[in-house]
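These are my notebook entries on one protein model. I list what I looked up, entry by entry.

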Amino acid sequence: MNRLWPILFGLLALTGCGPAADTGPVNVAIIGEPQSLFQQSVRLSPGAQHLRAASFEGLVALDPAGQIVPAIAERWIVTDDGLSYIFRLRNTAWPDGEPITADDVRLLLRDTLNRLEGSSLGLDLAKITDVRAMTGRVIELRLSSPMPEFLRLLAQPELGFVKSGGGVGPMIASRDEDAPIARLSALPPEARGFAAREDWEDLARAITVRALPAADAVDAFTEGEVDLVLNGRLSSFPLAQVGPLSRGTIQVDPALGILGLVIRSETGVLGSPERREALSMALDRDALIQAFGLGGWQPQTWIVPPDLFGVQAYPDTRWDSLSTEERRSIARQRIAAWSPEGGETTELRIALPDGPGSDLLFEQLRETWGDIGISLQRVAPGEGAELELRDRLARYSSPRWFLNQFNCELEIGLCSPEADELVLQSLTVRNFAAKQRLLAEAHTALVEEEVFIPLGAPVRWSLVRGAITAYQANQWGLHPLFPLSQPTT
């Protein structure tokens with residue numbers, strides 16, 4: 001599978017504007033609401049995810065490239081049948097000085113799994129059947145069937161361990177009393193199970209983290225107040241293209257996930273799958289993105305990208321035998337054939353986040369759907385729209401992640417109980433081909449119900465100062481903060 005976009009917007013730095021100084025704190029802005037940085041629940045904002053990953057390690061973690069690295073677990077083995085993951089814990093202690101034990105991790109992990117019930121991440125973790133402390137520093141996780149990307153799931157920030165309000169790093173976080181800013185200081189190597197280094201304090205850099213609205217984050221970067229901006233999205237992408245960017249670079253993650261419109265009503269013009277399909281088939285997704293100047297973007301007409309299945313389950317593109325105008329003609333006929341009842345209209349409300357990218361998207365959708373007889377009104381998220389933008393990054397590259405996003409239990413919009421049942425059956429199937437067939441059937445059930453209008457891969461962009469060498473674009477959109485503090489020599 002190769003879904004990496006060739007879409008890094010190289011250095012725009014002018015010769016006379018050298019990189020930022022490599023001493024002093026690294027200042028990071030994560031696009032989002034300021035107070036969202038300090039969320040403590042199991043449903044975390046992107047800012048809170050980055051902060052939690054830096055200060056509350058789980059069994060494993062992600063490096064800047066998005067690869068699995070040891071965290072509380074110093075090493076692990078996977079049994080030949082893929083059903084058992086056995087971890088040996090580092091010989092380290094909790095902040096209160098008590099040693100980290102397998103019993104601690106077992107209790108904390110079970111508690112986290114319980115609290116995640118009812119969330120999409122909880123559905124992703126449903127293959128865990130048992131968590132056992134084998135010895136003082138060895139813990140085993142048993143699965144109902146093999147999951148090759150299980151370690152990536154365990155590396156999610158929400159699975160970082162908190163005991164008595166504290167974690168084991170790799171950094172210590174404190175909150176600024178006068179502003180919604182987090183300050184991170186790296187723990188010394190010996191506190192993380194490594195050999196001591198005498199010059200550690202002189203070489204390690206502190207990190208400040210704040211969450212800012214997109215326009216404020218871009219302004220702060222332009223003014224040199226921050227060195228790194230994370231979590232830019234399609235809704236804010238035009239902001240990255242304005243103003244003097246000579247002092248930095250735009251990088252776009254090769255993101256995997258979903259970007260599209262959930263359908264929250266099945267009444268009126270949305271009352272049949274055929275008319276819901278009409279909205280989707282009328283879109284020219286390639287033209288949709290042209291207004292953004294975002295080359296290499298991956299449009300998507302299916303809920304699950306076809307290349308995630310082990311075999312070709314369906315064509316790369318829906319309606320591949322029809323031209324755009326032929327699709328729109330069919331859509332126009334379906335909408336025209338609808339006979340509204342008293343008070344019903346062809347007006348639909350669509351909920352989009354604030355931002356110039358959302359403005360561009362709305363205008364494109366309004367024009368396209370106006371051509372097939374649909375009038376579109378824009379409202380804010382949470383105001384009862386029939387259509388709402390859903391923009392999520394995948395946590396692992398399996399069809400099951402995509403299918404879980406539309407589970408009826410989540411109540412995000414229309415769903416398919418048949419699809420949910422097929423995904424549930426797949427949890428205990430150990431034969432890979434048979435499991436893939438069940439997931440493909442679940443996808444077919446969702447598509448037949450037309451519960452979602454896919455647009456394409458999600459967009460995640462960053463602004464990166466030249467001196468920030470520990471940053472790497474990756475498909476998961478998580479950029480660990482701890483490596484930013486590390487000495488480069």
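How many bridges join E6 to strand E8 (residues 138-143)? I found 5 bridges between E6 and E8, and the two strands run antiparallel. Strands here are DSSP runs marked E of at least two residues, helices are runs marked H or I of at least four residues, and both are numbered from the N terminus. Two strands pair if DSSP finds at least two bridges between them.

Before going on, I noted that this is a predicted model, where local features need pLDDT of at least 70 and side-chain atom pairs count only at pLDDT 80 or more, while totals for chains, interfaces and linings use all residues. Residues are numbered from 1 along each chain as its sequence is written, and side-chain values use heavy atoms, with hydrogens and water left out.

Entry: strand E6.
I looked up E6 at residues 84-89 and found that 5 of its 6 residues are buried. Buried means under 20% relative accessible area, exposed means over 50%, and partly exposed lies in between (1.4 Å probe, protein chains only). E6 also has 5 bridges to strand E5 (residues 73-78), again in an antiparallel run. Ala73 has Leu89 of E6 as its bridge partner. The hairpin of E5 and E6 has 5 residues between the strands, and there Gly82 takes a positive phi near 75 degrees. Towards E8, I saw that Ile86 stands opposite Glu140.

Entry: salt bridges.
I counted a salt bridge where a side-chain nitrogen of Lys or Arg lies within 4 Å of a carboxyl oxygen of Asp or Glu. The structure holds 25 of these. Is Glu140 buried or exposed? Glu140 counts as buried because its relative accessibility is 5%. Arg142 has 29%, so Arg142 counts as partly exposed.

Next I checked Arg318 and Glu277, whose closest N and O atoms are 3.2 Å apart in a salt bridge. This pair links distant parts of the chain, 41 residues apart: Glu277 sits in helix H7 (residues 273-281), and Arg318 in the loop between helix H8 (285-290) and helix H9 (324-337). Both Arg318 and Glu277 are buried.

I then looked at Arg460 and Asp391, which form a salt bridge of 3.0 Å, N to O. Asp391 is in strand E17 (residues 387-393) and Arg460 is in the loop between strand E18 (452-456) and strand E19 (461-464), so the pair links distant parts of the chain, 69 residues apart. Arg460 counts as buried because it has 3% relative accessibility. At 9%, Asp391 counts as buried too.

I took a cavity as a set of points on a 1 Å grid over the protein atoms alone where a 1.4 Å probe fits but cannot get out; a pocket is an open set with protein on both sides within 12 Å along at least five of seven lines, and lining residues have an atom within 4 Å of a point. A volume is the space filled by probe spheres set on the points, and grid points are joined across faces, edges and corners.

I found 5 cavities of 30 Å³ or more. The largest cavity holds about 70 Å³ and is lined by 15 residues, with Trp302 and Gly456 among those nearest its centre. E18 gives the largest share of this lining, 4 residues.

The second largest pocket has about 560 Å³ of space. Its lining has 33 residues, and those nearest its centre include Glu57 and Pro170.
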